[in-house]
Amino acid sequence: MSAFQLALKNIAGNAFRNFVVALCATLVSAFVLFTAVIMRGAESSLRLTIDRLGADVIVVPLGSQDKVESALLMGVPARVWMPKKDNLEKIAAIPGVEVVTPQMFLVTLTNVPCCAVSSMFMIAYDPASDFTIEPWLKQELGDDLHLGEVVGGSLITASEGEDKIKVYGYLTTLKTNLEPTGTGLDQSVFLTFDTAYDIADKSVTAAVKPLDIPPDSISAALIKVKPGTDPHDVAVRIAQKIPGVTSIESSDLFQTYRMQMTGLRRTVMVVLGV
C-alpha cells in the first residue's frame, strides 16, 4: 500500500475528525487573510493622511495630541486653541524652520444635510503661507480658493444646488473633492481663514448656533524644515523654547494607532502559530 493510499484510508476512517481539522484550518486562514487586508488598508490610510498634511513637524497645544490625531484620522470633532501671533513668531525663529503655516480646526453643527456623515470637520488654512493645500489646488484647479469656496473630502457632497454646501447658514461653493484616504480627511472640508471668519460673522444671525472662533487663535502650526535639517532636532528645540505646546514629528504621528496595529499583528501571528 502506497503512502497516498494510506493517507486516503486514514482520512476515510476518521471523516468527522478530519472535517473539523479542515474547517478550523480554513477559519484560521480566513481570519489571518481578513486581518492582513484590514491592517494593510489601515497602514495605507495613515501614510496617505501624513502625505496629505505635507508637514515635517506639527505643533499643537500641550495635551491635545490625541485629540488632533483622532480628528485627522477619524474625523472626531476637535476644538483646540493656542495663541497665533506669539507662537508663529517664536516657531519661525527656531533654527532649521524654513516655513511655518497656521491651521484652525472647526466643526459644523451635527446632522447637517451636506454629506454622508453626521458632521463635517473643517480645516481652515492661510493661503499666504500654506505649503500643503495651495500647491495641490493650483495643480488641480489652476487657482486659489476664494472667499466662500471650499474643497471637500471624498464623502462631502453638495446639498444646496449643484455645488453649494450650507455651513452655519452660510452657502459655500464646493470647488472639488480630494481623493479618498479612508481617514477623517474624507469627511472634512478645507477653507481659507477669510472664509472661516466670514462664516463666523454671518452665523450670528444665520445659524441656530453661531460658529465661535477665539480672536488671534489657531489650532496647529505646520512646519517644513530646511533641507538637510533633522525634523527631530527642530521638534526638540520647539519643546525647549516654547511653553504650552507639543511638537509632533510626521514620523511619530498616529503613534498610538501604530502600536495598536503592531499588537494586533502579534496576536494574529500567535493565532496562526496555534
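This is a predicted model: local features need pLDDT of at least 70, side-chain atom pairs count only at pLDDT 80 or more; totals for chains, interfaces and linings use all residues.
How far apart should the ends of the 14 residues of helix α6 be at 1.5 Å a residue, and what is the distance between the end C-alpha atoms?

**Stop 1: helix α6.** Select residues 193–206. Now colour the buried residues of α6: Phe193, Thr195, Ala196, Asp198, Ile199, Ala200 and Ser203.

**Stop 2: aromatic pairs.** Searching the whole structure gives two aromatic pairs. Phe105 is buried at 2% relative accessibility, and Phe121 is buried at 1%.

Next, go back to α6 and show the side chains of Phe193 and Tyr197. Their ring centres are 6.1 Å apart and their planes stand at 85°, so the pair is edge-to-face. The two residues are four apart in helix α6, a separation of about one helical turn. Phe193 has 5% relative accessibility and is buried, whereas Tyr197, with a relative accessible area of 31%, is partly exposed.

**Stop 3: Ser129.** Select Ser129 in the loop between β4 (121–125) and α5 (134–140). Is Ser129 buried or exposed? Its relative accessible area is 19%; the limit for buried is under 20%, so Ser129 counts as buried. Draw the distance from its side chain to that of Thr101: a polar contact of 2.9 Å joins the two. With neighbours within four places in sequence set aside, Ser129 is in contact with Val99, Val100, Thr101 and Pro102.

**Stop 4: positive phi.** Two loop residues are worth a check of the backbone torsions. Tyr168 is not a glycine, yet its phi is positive, at about 55°. Look for Tyr168 in the loop between β6 (164–167) and β7 (170–177). Tyr168 is buried, at 10% relative accessibility.

Finish at Asp216, in the loop between α6 and β9 (217–218). Asp216 also is a residue other than glycine with a positive phi, here near 50°. In contrast to the buried Tyr168, Asp216 is partly exposed, with a relative accessible area of 46%.

Terms used
Residues are numbered from 1 along each chain as its sequence is written. Side-chain values use heavy atoms; hydrogens and water are left out. The expected span of a helix is 1.5 Å times one less than its number of residues. Buried means under 20% relative accessible area, exposed over 50%, partly exposed in between (1.4 Å probe, protein chains only). A polar contact is a pair of N or O atoms within 3.5 Å; within protein, one must be able to donate a hydrogen and the other to accept it, and residues adjacent in sequence count only if both atoms are side-chain atoms. Contact means heavy atoms within 4.5 Å. Rings of Phe, Tyr and Trp (its six-membered ring) pair if their centres lie within 6.5 Å; planes under 30 degrees apart count as stacked, over 60 as edge-to-face and the rest as tilted.
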